[in-house]
Amino acid sequence: MLLMDSSTKISFNRCIRDGDLIIVYERHDTMKAVKVCENSILQNRFGVFKHSDWIGKPFGSKVFSNKGGFVYLLAPTPELWTLVLSHRTQILYIADISFVIMYLEVVPGCLVLESGTEDFERTGINTLITVGVRDIQGEGFPDQFFGLADSVFLDLPQPWLAIPSARNMLKQDGTLCSFSPCIEQVQRSCEILRSGFTDIRTFEILLRTYEVHEWKMDHSKVDDGNSTACPPRKRRQPSREASVGDNASSPVIMARPSAETRGHTGYLTFARKSLNFHC
Amino acid sequence: MSENKPESGPTVNPRVTWEGCSVLLDINDGDRLLFARLSAGSTLKIGNKTFSLQPLIGCPFGSLFQVESGKEKPYLSRFIPPTEENNVQDEGGCQLQEESRDNRAIIDNNQAQSLTGDDIDAMRRQGATGNEIVEALIANSATFDKKTQFSQEKYRLKKQKKYAPRVLLRRPFSRRFLRVDALSLLLSMANVTANSDVLVLDMVGGLVTGAVAERLGGTGSVCNTYLGGTPYPMEIIRMFNFNNEICKRVLRCSVNDLCAVQNETSEQVSQHEDVCTMESQSDEKISLSVSTEEVHLSSKNGVSDLVPENELSTTGKTCKTPKAGEKAPKEAIQSWKENGFSSLIIAAPEQDAWSLVKDLLPLLTYSAPFAIYHQYLQPLATCMNNLQLEKMAIGLQLSEPWLREYQVLPSRTHPCMQMSGSGGYILSGTRAYSNTSQS
């Protein structure tokens, strides 16, 4: 049955092979993309890891260094890529990306034109997309896409220069999104969008993260009439060796917003190409 | 590159409506949103008048219609706003520096307008268009010229909405229980992409299942699972206008059947079949009354939470649409058991997250991502803690999406006055391999 054609499946069920691109997970905020190579090693704060130890293990495995430290080996996903790449350049984060994809109504089969700079070859998706080098602000999009694009995404310093060309590329009722860090850029873009676009909306989206700690309520003190909570024991990821039924006191789980959080990435402006009567 | 063939391979968004498709009707620029199914007999009520939706069939999504008062019945007429309207904000921008008017001289005593209701009815009977009535109201307003430019724009808009309401024909989007950014994050964090096998526990009416199926675009599969013997309702899926290829990849299977050992499966499957038949019959009944469904906005901001109200429509018979959510066949269940699912999404705003996750996570392959939505923080905090203690997952993150819309107009740019207070919380992570887990 075509439904279960395993040749096209996304599956992480197989084992790591020589030549695979994997994500090495050190901590929740430290991840690296590594190409597995039989004779290579990885060296970090946890010690020295031999790639050859990794070959043949399943994805998701925990592997050890010569010093007994460990990391996890994960299969690459776009979400993990945004975490790997986020240290290098000022780019969109998963909250922005996921919102854009949904709001632009991108589904398999859509033609999406995007301008920006991206390292496609390393991620291995260069077989699925076509990359061209072009000055979009100066020259606009190439004529070959005229009227064919379902969506256009702009990540440019002066997007208003590219908007008229973007409009020509779009199918009727096609969607456009422009990402700009500064409100002045947004204002100029919206001004230009008013000719030929409708449903113009601007958003900002952020993700607020929470940290979770365990507070142990010590019952031996209850008889006094004062039950005091011990100061919170920090639970770092990955967790230490402790199981749920460790001791007699019952832990209370506390959640609070993380102290450090992102204040701004950029504004997302969306618009739909308005219809001509005779289309 | 292959040409667009509607029924084969990945599907592309259809651009034009057809008889029987679901649409979203946007009345007066977001004031009111309404789902409808287009057919010769379907109608729309605005104010105290009813209009046929027939003129909308065969028009592109994004088409705008305005109520025209014909000599007989009023009707919806396709309409292109003149380009001057689009630029009026910019012209206003140039003159803004010279605006010297304000409202100090205007007395709000309801006596500024000299046209009466009878006058307006008379104009209608003579065939005046909605726009002509609006212009007449402006001409007969004693205070109009004294208003600032912005006030004039607001006045014109208010009259237009009342006397010449507009209806925008839109592709349906359904955001009842989940804010759009929360839903989009679930899909991204769970890495829902073409050729995935996604396990979904959906207690939000089928919204997540539908969004996943849309993203799969006719590839892979989505298994809508449920505890106990009765599948959860999934009627929102009908709004998505899915074709056969997408529908047949939306399957249902109980958690028991997914977890069951080989021998037990067939017994439970036959019990299961009876339940499913009953359920699909009641689904049909629901669809008749849900074909026109009113959706209220608490503000002009279309992304705030929407509250549904069922309205009995005058549509008559339901048009035949392919049905999603068939019972999963044995081969599918077998394949999922052998390979594992490539991701998991749980959207059960009123259940305990941990008790669901501990049964469902083992059904994923290792290194597979998952995302869990909840309206409350605490159950996810507890779940996160337990996942860490049991070493079932890594890369755990507990987040809250924050979304704000801006009004961008010359000299009037600021965040919108209204905002959604909470989009819920999402716990995401990756299933980790450990020696103690069963494969």
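Thr209(A) stands opposite Ser399(B) in β16(B). The strands β10(A) and β16(B), residues 393–407, pair in the antiparallel sense over 9 bridges. Strands pair if DSSP finds at least two bridges between them. Helices (H or I, at least four residues) and strands (E, at least two) are DSSP runs, numbered from the N terminus.

The model is predicted; local features need pLDDT of at least 70, side-chain atom pairs count only at pLDDT 80 or more, and totals for chains, interfaces and linings use all residues. Residues are numbered from 1 along each chain as its sequence is written, chains are lettered from A and ligands numbered from 1 in the order in which they are written, and side-chain values use heavy atoms, without hydrogens and water.

In total, 73 residues of chain A are in contact (heavy atoms within 4.5 Å) with 89 residues of chain B. About 7,200 Å² is buried between the two chains. Carbon and sulfur atoms give 57% of this area. Buried area is the accessible area (1.4 Å probe) that two parts lose on being put together, summed over both.

The interface of chain A and chain B holds 7 salt bridges by the rule. A salt bridge is a side-chain nitrogen of Lys or Arg within 4 Å of a carboxyl oxygen of Asp or Glu. Arg208(A) and Glu400(B) form a salt bridge through their side chains (3.9 Å, N to O).

Several elements of chain A each supply at least two residues of the side that touches chain B, among them α2 (78–85), α7 (183–193) and β10 (197–217). β10(A) gives the most, with 13 residues.
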